[in-house]
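Take a look at the model first, then work through the points below.

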Amino acid sequence: MIMKNAESTLKTLSLMHAPTGQEDEVADFLEQKFKACGFAVSRDTLGNVIGRKGKGRKVMIASHMDEISMAVKCITEKGFLKFVKIGGIYDPMLIGARVIVHASQRRLGVVASKAPHGMDGEEMKKIQEAKDLYIDIGVSSKKEAEKLGIRPGTHITFSGEFEHLNEHWVSGKAFDNRVGCTVNVGIAEAYANSTPPVELCLVGSVREESGLFGAGVATFALEPDLAIAVDVTHAFGAPGESEEDIPVGLGKGPALAVLEGGGYGLITSNEMVAWLESVAKKANMVLQMEISERGASDASRMQYIRHGMLTASIGVPLRYMHSQVEVVDVRDIAQTVKFVQGIIEEFPKRK
Ligand SMILES: [Zn+2]
């Protein structure tokens, strides 16, 4: 996959909106890309999109399509929206955010707080919690908001920009996990004019941010011989983070999560780690290794489906996860495509 391709796919995907539970926009895009590369595409009840090509042992590559989001809790008499968070959102990131309210038509809103001029010293020091914040959508009454199709449960996502920080680093929203979706598009493109040596199942999964649900359902249905989750993973290097805590770096290629959720999720066998290292070596790469103490990817669900699945979790390094200014190095995306393709090519030879 040429780097330019990866960057333009990521830009398109990052600017799309797929709140947990309403992932259609990204699913439609993936469906169209998979089909253009000769994959047969289907959707399931929850909205997972599945592209299949080739025959033989089954390899599933899953990347979740949803992004951290919010939902309307209630509308005040004056037309302000109170909301709940879906997925891990750090409250101080909310103030000043522009958001998209997914009513009958998409509508811009702003997350507001009263001006500092109206606060006393103690108030200024306090972190304002999400439950005390509201969204202003430019209407004056509850009736007006309701006329726009807004009701309890209406989805809300962050509005964002896509910008370069330097030649290779880009910043934007929802890189978690449009980066993984970009890898899946890269894999589809790699097999656009050839047949993979396995039955390749590329999955855009739903509802990861609220509990790894979609990938679990898709794994049960597909029953793959090898199930891989491609997601983003924390990269160190920003102030307050040490390499001791987070050994993964930007620009150093994909990372293998050997253990997730402090051992309460995915645990990768020694044999699987060794095999993946050998695949990386063949592709002239050194695989970064990590364990995550709290976070978990779809792989933490996929491993425990049915009688247990052969599972791996691959992460593209990313800074500032779950913010509107996530940062990745686009070279890591291209490297991850290369690594995943190596796994697909090598799997038929694996006993
Ligand atoms: Zn996430």
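The crossing of H5 and H9 is right-handed, meaning that the near helix is turned clockwise from the far one by less than a right angle. Keep in mind that this is a predicted model: local features need pLDDT of at least 70, side-chain atom pairs count only at pLDDT 80 or more, and totals for chains, interfaces and linings use all residues. Residues are numbered from 1 along each chain as its sequence is written.

**H5 with H9**
- The axes of H5 and H9 (residues 330-346) come within 9 Å and cross at roughly 55°.
- That angle makes H5 oblique to H9 (oblique is whatever is left after under 35 degrees for roughly parallel, over 145 for roughly antiparallel and 65 to 115 for roughly perpendicular).
- On the H5 side, the residues in contact (C-beta atoms, placed from the backbone, within 7 Å) include Val 179, Thr 182 and Val 183.
- H9 brings Ile 333, Thr 336, Val 337, Val 340 and Gln 341 to this contact.
- Sorted by class, the contact of H5 with H9 has seven nonpolar, four polar and no charged residues.

**H2 with H5**
- H2 (residues 24-36) and H5 (residues 175-190) have axes that come within 10 Å and cross at roughly 15°.
- So H2 is roughly parallel to H5.
- H2 passes H5 in a right-handed crossing.
- Val 26, Leu 30, Lys 33 and Phe 34 of H2 meet Cys 181, Asn 184, Val 185 and Ala 188 of H5.
- This contact of H2 with H5 counts six nonpolar, one polar and one charged residues.

Notes:
Axes fitted to C-alpha atoms, helices over the stretch in contact; angles between N-to-C directions. Helix = DSSP H or I, 4+ residues; strand = E, 2+ residues; numbered from the N terminus. Contact = placed C-beta atoms within 7 Å. Nonpolar A, V, L, I, M, F, W, Y, C, P; charged D, E, K, R; others polar.
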